[in-house]
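Visitor: I would like to go through this model and ask what stands behind each label. Please show it first.

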Amino acid sequence: MSCNAYRVHRKGCSDDCTIRPCLQWIKSPKYQANATLFLTNFICFYFALGTATIFRSLLYEACGRVANPVSGSVGLLWSGNWAVCQAAVEAVFGRSSIMQVPSSCSETEEGKGLELISFFF
């Protein structure tokens, strides 16, 4: 039986569907379908902006989310710590570790709450 994501697009999915587990937290099949349609429309809109814009946006959001898992790049911008996000992007460019900061970005005494995160092996 197809999951609601595929059903709303009138397609079938297999038993090892990767989308089905993503929808399980949404209890109503109607809500699952609505969320799927919304994301589909959002993705289409996003791709209409151009791939360079998408790439840059995703890079900054991913780096911001690694540096500050709770608030991400928006939280870093809002708290006046955009330099942390920019430093994280530069760390990716240089294949080095990203410094993770506390979600409040206020605990900076002697590195309290700071941790290095590396996705490169």
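Guide: What follows is a set of questions and answers on a predicted model.

Visitor: What makes up the chain?

Guide: The chain has 6 helices and 2 strands. Along the sequence the pattern reads α-α-α-α-α-α-β-β. Of its 121 residues, 27% count as buried. The accessible surface comes to about 8,800 Å², and 62% of that belongs to carbon and sulfur atoms.

Visitor: Why is the pair E61 and R65 called a salt bridge?

Guide: The N to O distance between the two side chains is 3.1 Å. The cut-off is 4 Å between a side-chain nitrogen of Lys or Arg and a carboxyl oxygen of Asp or Glu, so the pair qualifies. By this rule the count comes to 1 salt bridge. As background, side chains of opposite charge can pair when their charged atoms come close.

Visitor: Where do E61 and R65 sit relative to each other?

Guide: Both are in helix α4, which covers residues 51-67. They are 4 residues apart, so about one helical turn separates them.

Visitor: Why is A67 called buried?

Guide: A67 lies in helix α4. Its relative accessibility is 0%, and the limit for buried is under 20%, so A67 counts as buried.

Visitor: What is A67 in contact with, beyond its neighbours within four places in sequence?

Guide: The partners are L76, V84, A88, I98, M99, Q100 and V101.

Visitor: Which residues make up the largest nonpolar core?

Guide: It has 11 residues: L59, C63, V66, A67, L76, C85, A88, V89, A91, I98 and V101. Helices α4 and α6 are the elements that give two or more residues to this core.

Visitor: What share of the contacts joins residues at least 24 apart?

Guide: It is 38%, counted among contacts between residues at least 6 apart in sequence.

Visitor: What makes the nonpolar surface patch?

Guide: F38, L39, F42, I43, F45, F47 and L49 make it, with an area of about 740 Å². Take F38 as one member, found in helix α3, residues 29-48. F38 has 56% relative accessibility. A patch residue needs over 30%, so F38 passes that test. F38 is also over the 50% limit, so it counts as exposed.

Visitor: What does UniProt list for residues 35-55?

Guide: The unreviewed UniProt entry lists them as "transmembrane region". In the model this span is 90% helix and 0% strand. Its end C-alpha atoms lie 23 Å apart.

Visitor: What makes R95 worth a look?

Guide: R95 has a positive phi of about 55° although it is not a glycine. Most residues other than glycine have a negative phi. R95 is in the loop between α6 (82-93) and β1 (98-100).

Visitor: How do you know whether R95 is buried or exposed?

Guide: The relative accessible area of R95 is 55%. The limit for exposed is over 50%, so R95 is exposed.

Methods:
Residues numbered from 1 in each chain as written. Predicted model: local features only at pLDDT ≥ 70, side-chain atom pairs only at ≥ 80, totals over all residues. Heavy atoms only, no water. Patch = residues over 30% accessible without salt bridge, like charges linked within 9 Å, V, L, I, M, F, W, Y side chains within 5 Å. Areas by Shrake-Rupley, 256 points an atom, 1.4 Å probe, with all protein chains shown as cover. Buried < 20%, exposed > 50% of the residue type's maximum accessible area, 1.4 Å probe, protein only. UniProt positions renumbered as here; feature names shortened; annotations may be inferred. Contact = heavy atoms within 4.5 Å. Core = buried A, V, L, I, M, F, W, Y, C linked by side-chain atoms within 4.5 Å.
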